[in-house]
Amino acid sequence: MPALPERMQSGSPYPLGATCDGMGTNFAVFSAHAERIELCLFDPSGKREIARYELPECTDEIWHGYLPRVRGGTLYGFRAYGPYLPEEGHRFNPNKLLLDPYARLLHGQVRWSDVLHGYRVASSRADLSFDRRDSAAAMPKAVVVDEPMHWNGGHRPHTPWNRTVVYETHLKGFTRNLKRIRPHERGTFIALADPYVIEYLVKLGVTAVELLPVHAFLQDRRLTEMKLRNYWGYNTLAFFAPEPAYLAEGALNEIRAAVQALHAAGIEVILDVVYNHTCEGSELGTTLSFRGLDNKSYYRLMPDDPRYCINDTGTGNTVNTAHPRVLQLVMDSLRYWVQTFHVDGFRFDLGVSLGREEHGFDPNSGLFDAMRQDPVLNSVKLISEPWDIGPGGYQLGNHPPGFGEWNGKFRDDVRRFWKGDSGMRGTLAGRLQASGELFDHQRRKPWSSVNFITAHDGFTLEDLVSYNDKHNDANGEDNRDGGNDNESYNHGVEGPTDDPTILATRDRVKRALLSTLFFSHGTPMLLGGDEFGRTQHGNNNAYCQDNELSWYDWKLATSDRGKELTDFTARLVRLRDQHPTLRAAHFLRGDTEVVPGIKEVSWFDESGSEMTQETWDYTEGRLLALRRAQSQGEKRADLTLILINGTPDMHVFQLPQPAVAWRVRSDSSKPGAPEKAWPEASIEVEGHSVILLAASARVEPAA
């Protein structure tokens with residue numbers, strides 16, 4: 001590094017973060033309540049502080065300064081001076097090195113020590129005490145980024161919502177065990193761009209990869225001391241910087257290369273993002289960045305006692321997105337990932353927290369309004385997890401137009417139906433039709449319902465049909481963690497078995513569940529690995545299992561059972577793409593006749609008779625037929641008939657009138673069977689099975 005100047009120039013309050021112009025770097029950081037902020041520079045190892053400067057200007061609560069001769073690769077952090085008055089919500093402690101909230105790249109890792117707390121941990125006064133030890137040696141450093149962007153042409157896929165099929169996966173776990181990839185690249189963005197990985201996703205037919213958090217996150221002290229690791233990453237340390245472990249060579253262009261390779265194959269990239277809380281925890285947590293810069297602005301605090309954080313997230317703190325500068329932080333981060341790395345959308349963890357104002361959840365909150373009108377963000381996919389643990393925290397169906405929502409009711413109700421619960425036939429019908437009672441308002445579309453059977457949080461599909469109870473002992477919490485109500489069924493034996501009858505039943509139910517997912521209106525989301533029977537051996541909360549328990553076992557994918565299920569899943573995805581009736585662009589209400597005698601949606605029992613209120617009310621009914629019809633141009637209509645047998649026994653279904661030239665396109669009880677014409681008036685449907693019939697009908701012009 002060249003000789004540094006004695007003092008900083010005033011610089012600019014915008015943009016926030018460290019901005020290198022080739023001749024020097026501008027530093028800007030928000031704090032409404034700080035009295036002084038210092039910039040600390042470090043040697044390339046990050047171990048030794050080599051210079052310290054006071055940011056010379058504060059404009060509109062943005063502290064800023066420009067330092068000539070500071071270029072890309074420089075390591076830095078901040079120290080903030082101000083009141084240490086926890087009872088008033090202020091926790092300034094200049095002894096603590098603070099990470100820039102806008103850091104684009106990190107060097108080093110958190111080294112756990114009590115010095116990371118702003119207070120003396122062992123003090124009888126707890127967080128009211130003050131710790132004077134320097135935390136710099138235990139802190140990662142921000143890196144000034146001056147890396148050119150390399151894009152080799154290409155365009156975003158811009159897949160329409162009603163053609164979207166999401167594949168949720170963990171970046172590391174997806175490729176950690178792929179032997180064809182070089183060891184140091186496994187589990188990184190470079191591995192995600194590998195031609196073998198891309199080809200696998202293309203053959204499966206998914207249109208979007210949804211990655212669990214890739215923002216830099218903290219390894220929890222408790223887990224570290226237990227010899228475990230935060231695997232999922234829902235513990236964000238920096239909203240602009242990628243997790244360093246996911247960069248094989250430490251270069252941001254690795255992310256761009258992966259996105260570009262996926263785009264070239266027609267696959268979008270959606271990031272699971274965690275803006276509802278940070279890794280600093282409760283008022284008894286660490287001082288790493290936001291807390292030390294301006295605790296009272298960045299976090300929602302108890303109105304009558306601001307010493308304490310509001311904990312609507314279950315993690316100890318809740319980010320105060322109602323504050324304009326905090327809202328700006330989230331918006332700037334989202335735009336950065338879209339504009340710099342060309343990602344195609346976001347899934348918001350605990351999205352209800354992002355829509356909270358002082359009076360509670362508000363679909364017209366400032367952050368939601370900002371995202372919906374933003375010219376960068378209103379053209380990408382936005383998906384919310386529509387709940388948190390705060391008051392009124394379950395808001396499924398109540399997000400504003402423009403958002404997709406994880407449909408937890410779809411997951412639970414479909415599981416209950418195939419588990420054999422009573423009274424689920426009518427509920428299943430609603431889920432097949434994109435849960436219109438939840439989403440059919442404000443001109444929202446069926447895609448607003450993001451349907452899933454399984455997700456990262458909970459059982460895998462294989463475990464869903466193999467375990468009655470969770471088995472989380474490896475997490476070190478005496479099996480107390482994770483949900484207890486999984487709506488799962490082991491079909492006779494808890495866990496692995498060699499019993500061919502039980503294995504056959506489990507496989508049939510898995511295929512029935514997948515058929516239900518892909519034949520339902522809405523946006524289907526497939527948990528990565530479910531297509532070949534990935535198991536976590538009954539662990540339904542593997543957040544801390546960064547090991548073989550969570551990593552994909554690709555040997556399963558090459559087994560006979562694994563290949564059969566993968567091929568069947570790919571077939572379902574193709575059928576969904578080929579038939580507009582399986583992915584409707586609007587809600588169907590059954591009041592439109594598409595061809596003579598055939599409405600756009602009709603329901604039948606196994607006798608071929610239309611469902612009546614009496615048959616809907618029959619609580620033990622587990623047989624159902626759904627016929628859909630949709631015009632294709634002026635002369636043809638796409639017809640599909642879904643036959644569902646939720647009992648363990650074979651049943652004969654009479655096909656509803658009028659008779660059409662049906663063709664069997666999928667039978668989940670015979671996954672490898674070829675398609676065939678079906679001229680008969682009835683058809684046998686095996687137990688725990690779904691059959692898809694399809695036809696093309698001529699639309700007669702109106703007289």
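Me: What makes strand S12 and strand S25 count as paired?

Reply: In this predicted model, three bridges join S12 (residues 166-169) to S25, and the two run parallel. Pairing asks for at least two bridges, so three bridges are enough. Within this pair, Val-166 stands opposite Met-525 in S25.

Me: Which other strand is joined to S25 by three bridges?

Reply: Strand S24 (residues 449-452) is joined to S25 by three bridges, and these strands run parallel. Here Asn-451 stands opposite Pro-524 in S25.

Me: Why is S25 called largely enclosed?

Reply: Buried means under 20% relative accessible area. Five of the five residues of S25 (residues 523-527) are buried, so the strand is largely enclosed by the rest of the structure.

Me: How do you know that both faces of S25 are covered?

Reply: In a regular strand the side chains alternate between the two faces of the sheet. Thr-523, Met-525 and Leu-527 lie on one side of S25, with Pro-524 and Leu-526 on the other, and all of them are buried.

Me: What is the strand order in the open sheet of five strands?

Reply: The order is S4-S3-S7-S11-S10, and the pairing is antiparallel. Five bridges join S3 (residues 36-42) to S4, where Glu-38 stands opposite Glu-54.

Me: Why do strands S4 and S10 stand at the edges?

Reply: S4 (49-54) and S10 (106-107) each have a single partner strand, so one side of each is left without a neighbour in the sheet.

Me: Which residues touch the most other members of the largest nonpolar core?

Reply: They are Phe-27, Phe-189, Leu-201, Phe-346, Phe-348 and Met-371, in a core of 158 residues. Helix H7 (residues 324-341) gives the largest share of this core, 10 residues.

Me: Why is this core said to lie between domain 1 and domain 2?

Reply: Domain 1 (17-144) and domain 2 (589-698) both give residues to the core, so it lies between them. The C-alpha centres of these two domains are 64 Å apart.

Me: What does Phe-346 touch?

Reply: Leaving out residues up to four places away in sequence, the contacts of Phe-346 include Ile-270, Leu-271, Val-273, Leu-334, Trp-337 and Val-338. Leu-377, Val-380 and Ile-383 are also among them.

Me: Why does Cys-58 count as partly exposed, and what makes Cys-309 buried?

Reply: The limits are under 20% for buried and over 50% for exposed, with partly exposed in between. Cys-58 has 36% relative accessibility, so it counts as partly exposed. Cys-309 has 9%, so it counts as buried.

Me: Which residues does the annotation "domain: Glycosyl hydrolase family 13 catalytic" cover?

Reply: In the UniProt record, an unreviewed entry, that annotation covers residues 168-576. In the model this span is 35% helix and 13% strand, and its end C-alpha atoms lie 18 Å apart.

Methods: Residues are numbered from 1 along each chain as its sequence is written. This is a predicted model: local features need pLDDT of at least 70, side-chain atom pairs count only at pLDDT 80 or more; totals for chains, interfaces and linings use all residues. Side-chain values use heavy atoms; hydrogens and water are left out. A nonpolar core is a set of buried Ala, Val, Leu, Ile, Met, Phe, Trp, Tyr and Cys residues joined through side-chain atoms within 4.5 Å. Buried means under 20% relative accessible area, exposed over 50%, partly exposed in between (1.4 Å probe, protein chains only). Helices (H or I, at least four residues) and strands (E, at least two) are DSSP runs, numbered from the N terminus. Domain bounds come from an automatic or database domain assignment. Contact means heavy atoms within 4.5 Å. UniProt positions are given in the numbering used here, feature names are shortened, and annotations may be inferred rather than shown by experiment.
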